[in-house]
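Hi,

Here is the structure I promised to pass on.

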Amino acid sequence: MLGVCYYPEHWNEDWWAEDARQMREMGISYVRIAEFAWSRMEPEPGCYDWGWLDRAIATLAAEGLKVVLGTPTAAAPKWLIDAHPDVLPVFADGRARGFGSRRHYTAASKTFRAETDRIVTAMARRYGAHEAVVGWQIDNEFGGDDTVMLYGPEDAAGFREWLSKRYQSVEALNRAWGNVFWSMEFRSFDEVIPPAGQVSDANPAALLDFWRYSSDSLAEYCALQAKILRKHSPDRFITHNFMGFFHQFDHAKLSESLDFCSWDSYPLGKIEHFPLSDEERARWYNTSHPDFSAFHHELYRKLRNDRFWIMEQQPGPVNWAHWNPAPKPGMVRLWGWEALAHGAEVVSYFRWRQVPFAQEQMHAGLTRPDRQLSPGGHEVTRLGREIADVGPLPPIEQADVAIVLDYEAAWITTIEPQGADFNYKLLLHRWYEALRRHGINVDVLTPGRSLAGYKLVFVPSMPVVCAAAMRALQETDAHLVFGPRSGSKLQNFEIPQTLPPGPLQAFLPLKVAEVSSLRPGLAINVEGEGLSGSASRWLEQLETALPSRLATEGGQPVMVSSENASYLGAWLDPALLHTLFGLLLDEADIARVVMPEPVRLVRRGKVGVIFNYGPEPYTIPFATGRFLLGERTVPPQDLAIFETTP
């Protein structure tokens, strides 16, 4: 089903009814509203104005539209900031960021938590049982604008309290952090400060714990809101709109208080911020990369209850990237179908109408400021008709292959990259890309999730193997494939005494003796088992009696395997990685179809969906049943849905 983000407070009230009618005629069923409207709900402290919101909900409901209400805590009003400037976020430079944008609070603030309790309770009491209100979105894009790790007095106090619970004694903290180094020892928890502003490098163990604390603080704040909503608005769903390739807090932990996850899909905006080469960014500039959105669809679907929504889908040019091209014709429709093929219950577009004022006036909507459909709006209208014609797709089955996203891996490799271009996001992307080019479904899981039923599990990097992750690895029959830096750290950021891969030596008798980070332009030739290519960025020296599957020209092992696991101690070039993963898929007896680089296949039971991101038509060689949408030859920026036969 389709949805849209709507801001009735931005528009003449005389327009609302016509907007709602157009939404319904376009095939839209859900409308998200109010997540930035605190100043309209409560123009003066304690003085609520619900009249406009009552009328907006009634207008939407009159057209049969279902309403998702956003709690407005991402944009506190000026009067609150004036009365309580202590709620403002303080960045690492020691400066508080001021009013006039959004996300101007710290979740550690007791005052802001009290204000949150008050406004969310008031909203939930008024609308919690409203027949048109079907669900809630908590806040908006937690952590956006670099607001996860904050450094004000209440953040510091919260960190000290978190540490005291974790370590119980300051002596245990000093041991865990290795504070004997550089005379960093504390006499009490009261002496601990957030790790920012040091002359030289901060203690990496302190940085990791501060990241953990900051992540936990956001999860606690989300749970506070969820508890209020469940009390006053029973039988309505609760979600939050996460972002793409944003690893600054543990989404799995935060999502524990949600019914399902949503995410905001901006395929073109994100590619400008992703560490691809300029050549690759130019190639995909108006289509995006064919694995960007798909990865997140699978992540957020598997993260919570095998359900997810797209709460904000890009409908045209955005305003916040370095460059903001218009999507190539056909892509807005393709992205919508792609989300649905990966299991999205709702694809909701941001926004209904392009706003002609304030910060986001260059961000497209489904309609233009003159109230006419935008190019994206025309494509969504077509999408709505096609959804009705095609009907529901078969349920998604568990894939044979899983890939593990480890949020702590992102934190650890940021704190201690060891090589300036070691980027966990890119490593994760390369592994997922290499797998999907074999025409297989790939589930995206987080550490500790059950791995039962999978044949192959890929772990691009997992520096700290927590107890839950170790149990899941031990309990699966899947062949495990570990990437560089896996098992390289203990919980306190120490190198294991047995050397990396630490606890993973239970699967693979090997040691990583030392590592080399390789500057740009350096490539080490790698070959073995009929494969050849190169390693760049990162190369580990492996000590093991296991036979090499890949090795350097000098015979240094790069990849080794035991009966139930493999270890790859290098950053391989994409072509070699793709070929290697094909070999592993064959060994696991997983059926595959090698796809052209810009084409992807999604399987839904006996239904296949082909997406063509490329500039040339693609003729499907393996479609054997009738077509539900499209034809055997798929034009550029188009798709086909077809039934398969045994």
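Before anything else, a word you'll need: a residue is buried if its relative accessible area is under 20%, exposed if over 50%, and partly exposed in between, using a 1.4 Å probe and protein chains only. This is a predicted model, where local features need pLDDT of at least 70 and side-chain atom pairs count only at pLDDT 80 or more, while totals for chains, interfaces and linings use all residues. Residues are numbered from 1 along each chain as its sequence is written, and side-chain values use heavy atoms, with hydrogens and water left out.

Now the whole chain. It has 18 helices and 26 strands; these are DSSP runs numbered from the N terminus, with helices being H or I of at least four residues and strands E of at least two. The radius of gyration is 25 Å, close to the 26 Å from the globule rule for 646 residues, so the chain is as compact as a globular protein of that length. (That radius is taken over C-alpha atoms, and the rule is 2.2 Å times the number of residues to the power 0.38.) The C-alpha trace spans about 75 × 70 × 40 Å along its principal axes, and 59% of the 646 residues count as buried.

Next, a pair of helices. The axes of α8 (residues 204-232) and α15 (residues 407-415) come within 10 Å and cross at roughly 145 degrees. Axes here are lines fitted to C-alpha atoms, for helices over the stretch in contact, and angles run from 0 to 180 degrees between N-to-C directions. Contact means heavy atoms within 4.5 Å. On the α8 side, the residues that meet α15 include Leu207, Leu208 and Trp211, and among their partners in α15 are Trp411, Ile412 and Ile415.

Is Leu208 buried or exposed? Leu208 counts as buried, because its relative accessibility is 1%. Skipping residues up to four places away in sequence, Leu208 touches Trp411, Ile412 and Ile415, and also Gln491 and Phe493.

Apart from neighbours within four places in sequence, Ala75 is in contact with Phe36, Trp38 and His104. Ala75 and Trp38 are 37 residues apart in sequence, and their C-alpha atoms are 6.9 Å apart in space.

Cheers
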